[in-house]
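Hi,

Here is the structure I promised to pass on. Have a look first, and my notes follow below.

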Amino acid sequence: MGISTYEVMYIQALDNYPYNVEECIEKLQYVIAGDDEHAGAHCLMGRIYEEQLKDFKQAEYYYRMTLYLDRDYTPVYSQFAGLLINLKRFKEAEAIIDIGMKVPGIDEASLIYLKGLLYEKYEMYATAIQYYTDAKKICLNNYFMDDMDGHIKRVKDKKDLEKKSDKNKSDKKKEKKNKSEKSS
């Protein structure tokens, strides 16, 4: 059995994204019209709606359709979880990540990174750093490891800012207390 025309068109669409979005969309529309159960085409269409058109409702539709069609289509988990995190729907994102971690062949390092991002959004910086470190331990890509180093540095900088902010608040309270004691 050979590769179908729809698979070839999908590969061409993938090859065009994100450099020639118009051509990519044309090919995806052809694939979906001919094979409306093509999970990869739905996932890539979701990316286009998310990244290019900023139509998050449509992006979510296509990601959900991908999961409906093929729960083992690994790329959708990180895309969908990332979208949900950006939409501040953290519990849903965490659920997608947890389900994705059970899928054979999933890029675990990417999902662990997203867990770190969730905890960073929760301002639980020590936990975020731990997830980023865990992602580094299992990644197989030097660029990804460098990215994790950047995330860890950013979170440490945020922790330092938080400490300075807390110190300033404490100093202002002391100053206010001293002023009220002097006026009494």
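Is tyrosine 119 buried or exposed? Tyrosine 119 is buried, since its relative accessible area is 16% (buried means under 20%, exposed over 50%, partly exposed in between, with a 1.4 Å probe and protein chains only).

Before the rest, some housekeeping. This is a predicted model, where local features need pLDDT of at least 70 and side-chain atom pairs count only at pLDDT 80 or more, while totals for chains, interfaces and linings use all residues. Residues are numbered from 1 along each chain as its sequence is written, and side-chain values use heavy atoms, with hydrogens and water left out.

Now the rings. There are eight aromatic pairs in the structure (ring centres of Phe, Tyr or Trp, the latter by its six-membered ring, within 6.5 Å; planes under 30 degrees apart are stacked, over 60 edge-to-face, the rest tilted). Tyrosine 61 and tyrosine 62 are an edge-to-face pair, because their planes stand at 80 degrees, with the centres 5.1 Å apart. Of these, tyrosine 61 is partly exposed at 40% relative accessibility, whereas tyrosine 62 is buried at 13%. Tyrosine 119 and tyrosine 131 are stacked, 5.3 Å centre to centre with 10 degrees between the planes. Tyrosine 119 sits in helix α7 (residues 108-121) and tyrosine 131 in helix α8 (residues 125-138) (helices are DSSP runs of H or I, at least four residues, numbered from the N terminus). Tyrosine 131 is partly exposed, at 22%. Ring pairs also join Phe90, Tyr119, Tyr122 and Tyr131 into a cluster.

Cheers

Note on methods:
Helix = DSSP H or I, 4+ residues; strand = E, 2+ residues; numbered from the N terminus.
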